[in-house]
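Me: Could you walk me through this one? I'd like to go over strands, charges and a few single residues.

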Amino acid sequence: LQLHHSGRYRCRGLVSTWLSSLVESVPVTVTVHGVPLSGVSLLAQPPGGQVTLGDRLVLSCAVAAGTGPLSFSWHRGGSAEPLGTGPNLELHHVGEKDSGHYQCRASDGDSVAESPVLNVTVL
């Protein structure tokens, strides 16, 4: 079900008697409401956001509720400029410069919700 499915609906049917006739129901109005974004979470692999220098770090963003389609962006240190888009952010060979506070933002086109901040530490 999508938001554009809102509208007026009715059904029609052919009633067969000795004299067939087309019968139509009373129209009903259906309104589809969007679900606001909520429950944005951020998961890290390895868990806890502690990663060894040169290893791989994968961050995943999940949304518990919300009407799609959803878009994602990744931010470090409160920067407005995104590091990446999509539900996952993968850093193949982490360096010391990759340490910091990471956050994912999810948007449904009308609203934006943010995950809690994850502190990534490069060991």
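Reply: Before the pairings, a term: two strands are said to pair if DSSP finds at least two bridges between them. Please also keep in mind that this is a predicted model.

Me: Fine. What is the bridge partner of H101 in β13?

Reply: The partner of H101 in β13 is N119, and this belongs to the antiparallel pairing of β11 and β13, which extends over 3 bridges.

Me: And how many bridges join β6 to β13, and which way do they run?

Reply: β6 and β13 run parallel and are joined by 2 bridges, with V51 having V122 as its bridge partner in β13.

Me: Which residues of β13 are on its covered face, and which on the uncovered one?

Reply: In β13, residues 118–122, the covered face is made up of L118, V120 and V122, whereas N119 and T121 form the uncovered face.

Me: Switching to the open sheet: in what order do its strands come?

Reply: The order is β5-β7-β10, 3 strands with antiparallel pairing. Because β5 (38–45) and β10 (88–91) each have a single partner strand, they stand at the edges, and one side of each is left without a neighbour in the sheet. From one strand to the next, the twist averages 15 degrees.

Me: How many bridges join β5 to β7?

Reply: There are 7 bridges between β5 and β7, the latter spanning residues 57–65, and L42 stands opposite C61 in β7.

Me: What about A44, buried or exposed?

Reply: A44, which has its place in strand β5, counts as buried because its relative accessibility is 16% and the cut-off for buried is under 20%. Leaving aside neighbours within four places in sequence, A44 is in contact with G49, L57, V58, L59 and L118.

Me: Now charges. How many salt bridges does the count come to?

Reply: The count comes to 6 salt bridges. One of them joins the side chains of E90 and R56 at 2.8 Å, N to O, and this pair links distant parts of the chain, with E90 in strand β10 and R56 in the loop between β6 and β7, 34 residues apart. E90 is partly exposed at a relative accessible area of 34%, and R56 also counts as partly exposed, at 48%.

Me: What does D98 form a salt bridge with?

Reply: D98 pairs with R76, the closest N and O atoms being 3.8 Å apart. D98 is in the loop between β10 and β11, while R76 is in strand β8 (residues 71–76), 22 residues apart. D98 counts as buried at 7% relative accessibility, whereas R76 is partly exposed at 28%.

Me: Any networks, or which others should I look at?

Reply: R10, R12 and E24 are linked in a network of salt bridges. Separately, E114 forms a salt bridge with R105, where the closest N and O atoms are 2.9 Å apart.

Me: Then what does the side chain of D108 reach?

Reply: The D108 side chain reaches the backbone nitrogen of D110 at 2.9 Å and the backbone nitrogen of S111 at 2.7 Å. Apart from neighbours within four places in sequence, D108 is in contact with V35, L37, T67, P69 and L70.

Note on methods
Residues are numbered from 1 along each chain as its sequence is written. This is a predicted model: local features need pLDDT of at least 70, side-chain atom pairs count only at pLDDT 80 or more; totals for chains, interfaces and linings use all residues. Side-chain values use heavy atoms; hydrogens and water are left out. Helices (H or I, at least four residues) and strands (E, at least two) are DSSP runs, numbered from the N terminus. Axes are lines fitted to C-alpha atoms, for helices over the stretch in contact, and angles run from 0 to 180 degrees between N-to-C directions. A polar contact is a pair of N or O atoms within 3.5 Å; within protein, one must be able to donate a hydrogen and the other to accept it, and residues adjacent in sequence count only if both atoms are side-chain atoms. Contact means heavy atoms within 4.5 Å. Buried means under 20% relative accessible area, exposed over 50%, partly exposed in between (1.4 Å probe, protein chains only). A salt bridge is a side-chain nitrogen of Lys or Arg within 4 Å of a carboxyl oxygen of Asp or Glu.
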